[in-house]
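Here is a brief report on one protein model.

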Amino acid sequence: MLFEEPSNLLKQELREPATYNAIISAIASGKTKLSEISGTVGMESSLCSKYIGNLMTLGIVKRETPVTEPNSKRPIYELEDFFFRFWYTFIPPNMAAIVSDRMERIYASAVENRLHDYMGRVFEKMCRDYLLFYEDNLPMNIQSIGQWWGGNPVTHKQAQIDVVAILAEAKSAVIGSCKFKNEKLPFSELQMMQEYARIMGGFEQYYYFFFSKSGFADALRQEQNERKLRLVTLDEMYRIP
């Protein structure tokens with residue numbers, strides 16, 4: 001029923017649907033920086049930025065910066081509309097199977113086996129919404145919430161924190177890790193988040209909220225009451241009244 005919905009929307013709302021389709025496809029494939037998107041599409045960055053702005057106006061694309069740097073010059077772009085994200089992730093690669101009515105034959109390998117990876121970003125949004133709207137055990141109100149990323153000077157790799165909520169007292173923050181996997185979240189996740197907190201800096205007090213589809217390792221559960229650590233399962237999130 002919704003097979004042609006994205007293309008129909010682009011045709012109705014925009015003059016150059018093919019160009020916008022290419023930009024959305026690039027973002028869906030993991031190109032999140034303006035230089036990456038424009039390079040993939042074959043367009044000058046300044047012009048590509050205008051097209052992306054139109055997609056942001058439609059609520060299809062969003063601009064993200066590290067939550068501690070709202071005026072950062074290094075933003076990334078992601079698909080805000082999860083219907084578009086699902087469509088561009090799974091439909092174009094499987095178009096032949098869909099139009100020939102043979103999708104059921106390859107569903108397990110083409111879609112089902114990739115759902116956990118796809119759900120990672122969706123789950124992060126669910127976790128941020130849970131903290132913002134439903135969590136009653138926060139030490140104070142949330143001032144702003146988002147994600148954070150930056151360079152790790154020790155490993156020279158990118159460090160990324162799924163959820164960072166800056167609390168009403170400017171020197172306090174909640175750091176969250178979200179994992180949508182068929183395995184328990186290990187104790188090493190806490191150690192890694194503590195390291196990332198030091199890299200991010202800027203806060204005197206940290207609270208850790210971990211979200212996991214499949215639960216938590218016993219060693220991590222033992223730390224729950226000792227290091228300002230809160231563990232939230234997917235079942236607990238779904239039991240919201």
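## Fold and basis

The protein holds eleven helices and seven strands. Helices (H or I, at least four residues) and strands (E, at least two) are DSSP runs, numbered from the N terminus. Along the principal axes, the C-alpha atoms fill a box of roughly 55 × 45 × 40 Å.

This is a predicted model: local features need pLDDT of at least 70, side-chain atom pairs count only at pLDDT 80 or more, and totals for chains, interfaces and linings use all residues. Residues are numbered from 1 along each chain as its sequence is written, and side-chain values use heavy atoms, with hydrogens and water left out.

## Packing and surface

Of the 241 residues, 42% are buried. Buried means under 20% relative accessible area, exposed over 50%, partly exposed in between (1.4 Å probe, protein chains only). Take contacts (heavy atoms within 4.5 Å) between residues at least 6 apart in sequence: 57% of them join residues at least 24 apart.

The protein exposes about 13,500 Å², with 48% supplied by carbon and sulfur atoms. Accessible areas come from the Shrake-Rupley method with a 1.4 Å probe; for residues, only the protein chains shown count as cover.

## Positive phi in two loops

Most residues other than glycine have a negative phi. Aspartate 101 has a positive phi of about 60°. Its place is the loop between helix 6 (95-99) and helix 7 (103-110). Aspartate 101 is exposed, at 70% relative accessible area.

Histidine 156 also has a positive phi, near 60°. This residue lies in the loop between strand 3 (142-151) and strand 4 (158-167). Histidine 156 is exposed, with a relative accessible area of 69%.
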